[in-house]
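I opened the notebook to go through strand pairing, salt bridges and surface charge. My notes follow the model below.

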Amino acid sequence: MGRKLTILISLFSFITAFGQTEEINRKLYTTTMIQGEAPRIDGLLNDEIWETVEWGGGDFTQRQPNDGGPPTEQTKFKVLYDDKNIYVAIRAYDADPANIVKRLSRRDGFEGDRVTVMFDSYNDKRTAFSFTATSAGVKGEEYVSNNGDNWDDKWDPIWYLMTTIDQEGWVAEMRIPLSQLRFSDQKEHTWGFQVMRYYFRNDERSNWQHIPQNANGFVHRFGEINGINGIKPQKQLEIQPYIVAQTETYEKEEGNPYATGKGSDVNVGLDAKIGITSDITLDLTVNPDFGQVEADPSQVNLSAFQLFFPEQRPFFIEGSNVLTFPTGGRGFDNLFYSRRIGRRPQGSVDTDPDGDDGVNEYVNSPNNTRILGSMKLTGKNKNGFSWGVLESVTKEESAEIDSLGFKGEQVVEPMTNYLVGRVQQEINEGETIVGGMVTATNRGDLKGLDGLTKEAYSAGMDFTQFWKERKYYVSGKFLASQVKGGSASILNLQESSARFYQRTDNSYRKVDTTRTELSGTSGSMTFGKASGNFVYEVGSSWSSPGLELNDIGFLNQTDQVAQWVWGQYRKLEPFGIFRSARSNINIYQNQDFGGDLRRREINWNGHLQFKNFWRMSSGAQATLYQASNADLRGGPSIIYPKSYSYWVWASSDDRKKVVVELNPWWGWGEDGYSKSSGWWWSLRLRPSNALNVRFVGMVNSRDNEMQYVNTVDSNGQPRYIIGNIHQRTYNLSMRVTYVLTPNLSIQYWGQPFAASGEYSNLKRVTNSTHDEYQHRFNAISTTLNETDNILAVDENNDGTTDYTIDNPDFNFTQFQSNMVMRWEYKPGSTLFLVWTQNISENPTVDRHSFDHLANALFDKKPRNIFLLKYTYRFVL
């Protein structure tokens, strides 16, 4: 691996020498400082102070759909400032003001006609603060980083907006406190600056500083604003204490002291944002509560691997683009996965340790680990050096056990400290970017939780180099990990689904029961073209068997070496009946560290938008080789026949008050081993500007002759059992949003979900890699004992049971819903009223009909949670 690192560093040094700075013809706007009374933010622009500065704009250029053409309507703007605020006035001309689209939405809804002003106040050509105003007065904000590749709409600064409509069009008037921006402490400033407009009726975007659609990069192409002199970076100190009152009702369980059918609680906490300097911001949360967060969507997982769910908690979402380090391979693998912090406790309580019936033993275990406090420090200086540090501490959690009236406790999660640090340095106005990241997880006294590691560390470094005016790029990553703990915890990692060292055909890694540490590496190298009508990327990545990130990161599977080629041809300007078109082709393959091929596939997808604003996409994939060293859960690798799939997606004009989307798909495997089909659909309704209703549904049918069932022991020999599965999944979600004002809204989300799996024709894997499909397994005879729901297996058909397995058939139904009233009664201060409902059930498996699944769902009393959360923002 040292040789690989040397090659990476040498290549980086070579390409850096050829970096070039792009010459851009930038527009310039000159502002002036307010002398006298500041404008009143009422959307009228009748304050005399506005006459002290010239209008900018009036020469906007269309970006989409007619790149470089004149817009349907022009736009002008003015900018003023004082020692505390930036003031912006935007005049959006419209020849038909009655048809301006005023759609109300929640904050960051970005619906209807809108304008956006952006400041690159660092003037680093890579980051910007974006403020959007809709004609209905709804605010939206985004922190833009990585030269426009990342847009963080969870950034919620405090600023002020009013909009009005008159005979000339509409007006947006803004006051943006300087405390919400970041800039250097100097006498004179020149900032990157951009104003954009979205003209809803034509789905048209126009910019003050033109940036072509197929350009490479975004922020570095901004125009400039000067005349800002004498301002000082503002010290920011915002404190938001909160109080949460919660009560819940659920189905009572007779005799269980922990399931009385009701409960209530009151909790307090505090959030704070502190501007330590102009370059450094500290975010704090003490005893955080995330009760208003929407539940994760329901899923059934039949694979060997964990599922990824996106972060939804506000503290961790804001600024998440800073604290991220993807490993460079496929999927969601990352050094930092914030949902590890506050996760469900990893320990469990065995209520029947001696093998008796465990009568009258009840357990009260927490659903999540309490976060005692978290701190996030982020900053960037004028020299292009950015950094982020996150520190979190979670408390020790215990489960209470009631056995015949005697109560005790068992620790299920130790106190844990999580630390994440990320740095990046930009060179030559972002032409070269180098960075690094470290993570550390340290657990306190494990108190019998021998399966958990004691310490886990990871570190990575990355670079990106652009040249030929950012038309081409090369990027690389290298990272390493190390975990330490007792032999039981390291054994768990060796035998986990991420690596399965115990595989019978694993010739290069073996289980070592005495190990107390595990380490590994990963990395990638990519080269690509980023601008023009034809763009592409080629790359390779590796992940060694010993890599482990899951204490604070996300890692599905190690032991991979992958290569890929991706290319896209695009026409972004209208032609014929189309507004735009894109076509992509991908070729991918990977091997394990033993050199055995695991996957080879090719796929194509194309995307069209028509001049009537309808859209259509389609794609197809051929998996030409597919083998898994994980699907038999520690058994040998297994080869699957070739498989194929294709899909179609179509959407009506999404500007209309009724929008329909349809997405059917089909798949099949050779030798008849698999087939699947399904429909995804969406219906969006806009009965009024204040009401938005959306239904999303999915029905999926899947058949697979080689679905893993179980591994059993028969006379000291493992038996890997697979079978035919007929799986059906039904999913429907509804979201209703009613916005009374831009600061007061009610939203309801509900999702019924049902899934069933019916198994037949069970088989024992005999030669999992045989060239002939039918020779990879033998059929076995099974008899169902309905009383115990157990299958008796007679392997050789001699009338004697050789072993038993649990009946793998399943039925699962769930209903989740969340209703939230959100009132921002003053900037930064909110009141939430929340009602959450959840019902989960496992219906009997004697039937698998839709009616059986649906009826069982509503036979059970739901769990209802009613929550009130009140926050108040103090500015000190």
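The entries below go by topic.

I worked on a predicted model, where local features need pLDDT of at least 70, side-chain atom pairs count only at pLDDT 80 or more, and totals for chains, interfaces and linings use all residues. I number residues from 1 along each chain as its sequence is written, and side-chain values use heavy atoms, with hydrogens and water left out.

**Strands.** I took strands as DSSP runs (E, at least two residues), numbered from the N terminus. I call two strands paired if DSSP finds at least two bridges between them. Strand 31 (residues 578–591) and strand 32 (residues 597–610) are antiparallel, with 13 bridges. I found Ser580 opposite Gln609 in strand 32. The hairpin of these strands has five residues between them, and there Gly595 has a positive phi near 90°.

Next I followed strand 32 to strand 33 (residues 615–628): antiparallel again, joined by 11 bridges. Asn605 faces Gly619 of strand 33. This hairpin has four residues between the strands, and Phe613 takes a positive phi near 75°.

**Salt bridges.** My criterion was a side-chain nitrogen of Lys or Arg within 4 Å of a carboxyl oxygen of Asp or Glu. The whole structure gives 42 salt bridges. For burial I used relative accessible area: buried under 20%, exposed over 50%, partly exposed in between (1.4 Å probe, protein chains only).

I looked up Glu661 and found a salt bridge to Arg694, with the closest N and O atoms 3.2 Å apart. Glu661 lies in strand 36 (residues 658–669) and Arg694 in strand 38 (residues 691–714), so the pair ties together parts 33 residues apart in sequence. Glu661 is buried at 11%. Arg694 is partly exposed at 30%.

Glu517 and Arg515 also meet in a salt bridge, at 3.8 Å from N to O. Glu517 is partly exposed at 29%, and Arg515 is partly exposed at 23%.

Then I checked Glu824, which bridges to Arg822 with the closest N and O atoms 3.9 Å apart. Both residues are buried. Salt bridges with shared partners join Arg107, Glu141, Asp156, Arg822 and Glu824 into one network.

**Surface charge.** Which residues gather in a patch of negative charge on the surface? I found Glu670, Asp671, Asp771 and Glu772. Patch residues have over 30% relative accessible area and no salt bridge, and like charges are joined within 9 Å. I placed Asp771 in the loop between strand 40 (744–765) and strand 41 (777–779). Asp771 counts as exposed because its relative accessibility is 73%.

Methods. Patches are made of residues with over 30% relative accessible area and no salt bridge: like charges are joined within 9 Å, nonpolar side chains (Val, Leu, Ile, Met, Phe, Trp, Tyr) within 5 Å. Accessible areas come from the Shrake-Rupley method with a 1.4 Å probe; for residues, only the protein chains shown count as cover. Lys and Arg count as positive and Asp and Glu as negative; His and the chain ends are not counted. The place of a charge is taken as NZ of Lys, CZ of Arg, CG of Asp or CD of Glu.
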